Amino acid sequence: MSTLELNLHPILPDAEEQMLRETVYAITSSYGQAYTRSLREEDRPPTELWDELAGKGYMGVNIPEEYGGGGLGMLALSAVGEELAAAGCPLLLIVVSPAIAGSILTKHGTEEQKERWLRGIGDGTTKLAFGITEPDAGTNSHNLSTSLKPSEDGGYLLTGQKTYISGVEDADAVLVVARGRNDDGSLGLPSLVIVDVDAPGFTRQEIPMAVKGADKQWTLFFENVEVEEERLIGGFNGGLGPIFDGLNPERIMGAAISTGVGRRALDQGAQYAREREVWGKPIATHQGVAHPLAESKIELELARLMTRKAASLYDAGAKGAGEASNMAKYAAAEAGISCVDNAIQAHGGNGFALEYGLTDMYWGVRVARTAPVSREMVLNYVAEHSLGLPKSY
Amino acid sequence: MKICVLVKEVPDAAVEKRMDSNSMRLDRSGEKNLNPFDTHAIEAAMQIKEGGAVDVEEVVAVTMGPESAVRALHKAVSLGADRSVHLTDDALADSDVSATGYALAQVLKSESPDLVLLGQQSDDGECYTIGAVVADHLEMPSLTQVIKIDTAADKLTCERQAEYGYDTVEVTLPAVISVGDAINEPRYPSLKAIMGAKKKQLDSKGTGDVEIDASKVGADGSRTRVLAINPPPAKQAGEIIEDEDTNETVEKIVAWLDERKLIA
């Protein structure tokens, strides 16, 4: 798509997008927040919800039609992510599998890799997690030390550790970022490999988290895990470009989910403020209660608009997708936090009772200020790349 | 068999309904959607088509309404209808139930369906009567509140919900059946169905195309006049019986009902 056609992207959702949103919201609402909560209590993945949405084509809306997806790009997938969250079931697996792994495979996979992996991501029957973060290389990906060493039989051996990796319990494989081990023992450029979750030498440990979402967080351990050549995307030492093509979709989805949670919290906060009477009239008649909710609403709509811009730029392959994705993630995290926090405040003590479900949402939006990229790193990016200020780190 | 499903565009359920005091009609501005009760009629048609007991050639969604009603038709075909017909004409504006039923019957005559299905009510007007009016014009038998349909070649066996229980009624085709919302759980459209909706045939028809007598439709052709609109009387505050001792609570409820002669 050319940048000329970009101008034709509507700011307002078209009839199809509206029906897509309505349908995803309706299906997800029939599960709702109670379902998400039950998953953690029963220690199981959101299989029923995922399969119902995947069965109707909603989990691979961004994947090209020729590989069984909807062919509608990140604009549509971000709509799915937002509606899932707004209906009480934010899913991180939709970030890592169709958004990150799906986008990378679409742009960089070989024909065989697309047949083997992308087709399944397109119809939602294959799920890929994504592993980049390491204990000693948080934001600084130059410090990654997970290594990929050519082995004598023509394959590779993967060794290292990853942490805060989402949804591995429900994934078929993990897309792992590693660095090529050169002959002299030094580490080279990044490589991207697909590793089955049950590969020998691959173990994992759950990280207990405050976020009570549908997906778990894991630390992954790779000890000489055998990887075949066909599992490398972009080839040995050729992972850098593919990785970057996965990071913007990740930010766009992070933004979409934050705005979805924010929408839910704000709707609930506003409804409570309309109905709750303390001094003989609804508390929303007091501007001290109404104005914070109104401010959150403005922040939310601005963030939704920026998320839409970021997704449109990404889909168009246009310049500025990186900047817009960063800004959308930043704005959406702040808006999401503001919505949930102000909804809690409007609820008084009830804001903290499990019955009202707002505490379930809090850590979900709060984590978006920190991940997938921290607020501070977004500010660094904007300072340096948008404003031409000196690099600070 | 050919099935026509009558559908309607109504204000979205999330929009608070209010009367326009000037036109004395429902304010239909704002977000609109396919009448949720009609989705049960489409689903019933799809279940007959997929059930295999009879051969259904096509399911046609039919509506009367302004230009925007096209969206309701797109939704209807995304839920499974094969094509749709849109009766739209300025002459039809402000038609009452009787005039609307006449106009819809004229469209249906041009389609010659074996079965006409519709939802039990619209979510805006809530008249529950359009099926009977249409059936009268088509001179077909009509059933309301149907919650189960068994299909045979030229007749249906229907179970209908009544105040006193359930009726089982055999009806010869062609017929007009309005279905209750207990009849089924409507499916959700797939992404493919949504994206394909605009590609399905949609015929737009004016009054002249289906031989509608203009003097029988619109505000002037309607046989009812709204003289005044009034808000419903305010409900009296209810009586709350605290459940401290369940036996005692039950006794209090029984006494309350007995006092009002609500139980024998």
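# Briefing: strand pairing, interface and local geometry

Gln205(A) stands opposite Thr219(A) in strand 7 of chain A, where helices (H or I, at least four residues) and strands (E, at least two) are DSSP runs numbered from the N terminus. The model is a predicted one, in which local features need pLDDT of at least 70 and side-chain atom pairs count only at pLDDT 80 or more, while totals for chains, interfaces and linings use all residues. Residues are numbered from 1 along each chain as its sequence is written, chains are lettered from A and ligands numbered from 1 in the order in which they are written, and side-chain values use heavy atoms, with hydrogens and water left out.

**Strand 7 of chain A and its partners**

- Strand 7 (residues 217–227) of chain A runs antiparallel to strand 3 (residues 156–166) of chain A, to which eight bridges join it; two strands pair if DSSP finds at least two bridges between them.
- In strand 7 of chain A, Leu220(A) is the residue that stands opposite Lys162(A).
- Strand 6 (residues 202–206) of chain A is also antiparallel to strand 7 of chain A, with five bridges joining them.
- Asn224(A) belongs to strand 7 of chain A, and its phi is near 50°, a positive value in a residue other than glycine.
- With a relative accessible area of 46%, Asn224(A) is partly exposed, on a scale where buried means under 20% relative accessible area, exposed over 50% and partly exposed in between (1.4 Å probe, protein chains only).
- Val227(A), which also lies in strand 7 of chain A, is buried with a relative accessible area of 4%.
- Leaving aside neighbours within four places in sequence, Val227(A) is in contact with Leu148(A), Gly155(A), Tyr156(A), Leu158(A), Val193(A), Val195(A) and Leu232(A), contact meaning heavy atoms within 4.5 Å.
- Val227(A) and Leu305(A) are 78 residues apart in sequence, and their C-alpha atoms are 42 Å apart in space.

**Interface of chain A and chain B**

- At this interface, 17 residues of chain A are in contact with 14 residues of chain B.
- The two chains, A and B, bury about 1,300 Å² between them, 63% of it on carbon and sulfur atoms; buried area is the accessible area (1.4 Å probe) that two parts lose on being put together, summed over both.
- Of the area that chain A buries against chain B, 42% is supplied by Glu16(A), Met19(A) and Lys56(A), more than by any other three residues.
- The rule finds two salt bridges across the interface of chain A and chain B, a salt bridge being a side-chain nitrogen of Lys or Arg within 4 Å of a carboxyl oxygen of Asp or Glu.
- One salt bridge is formed by the side chains of Lys198(B) and Glu16(A), at 3.5 Å from N to O.
- Eight residue pairs across the interface of chain A and chain B are in polar contact, with both residues at pLDDT 80 or more; a polar contact is a pair of N or O atoms within 3.5 Å, and within protein one must be able to donate a hydrogen and the other to accept it, while residues adjacent in sequence count only if both atoms are side-chain atoms.
- Helix 2 (residues 15–29) of chain A gives the most to the side of chain A that touches chain B, contributing nine residues.

**Buried helix positions**

- Gln33(A), placed in helix 3 (residues 32–42) of chain A, is buried at a relative accessible area of 15%.
- Not counting residues up to four places away in sequence, Gln33(A) touches Ala87(A), Gly88(A), Arg264(A), Gly357(A), Asp360(A) and Met361(A).
- Glu43(B), in helix 1 (residues 36–51) of chain B, counts as buried at 5% relative accessibility.
- Apart from neighbours within four places in sequence, Glu43(B) is in contact with Asn184(B), Glu185(B), Pro186(B) and Arg187(B).
- Helix 2 (residues 70–78) of chain B has seven of its nine residues buried, so this helix is largely enclosed by the rest of the structure.
- The buried residues in helix 2 of chain B include Leu73(B), His74(B) and Lys75(B), and just after this helix Gly80(B) takes a positive phi of about 135°.

**Backbone points in the loops and beyond**

- The peptide bond from Ala371(A) to Pro372(A) is cis, with omega near 0°, and Pro372(A) is found in the loop between helix 11 (358–370) and helix 12 (375–386) of chain A.
- Leu173(B) and Pro174(B) are joined by a cis peptide bond with omega about 0°, and Pro174(B) lies in the loop between strand 11 (165–172) and strand 12 (175–179) of chain B.
- Lys261(B), in the segment after helix 7 (246–259) of chain B, has a positive phi of about 55° although it is not a glycine, and is exposed with a relative accessible area of 73%.
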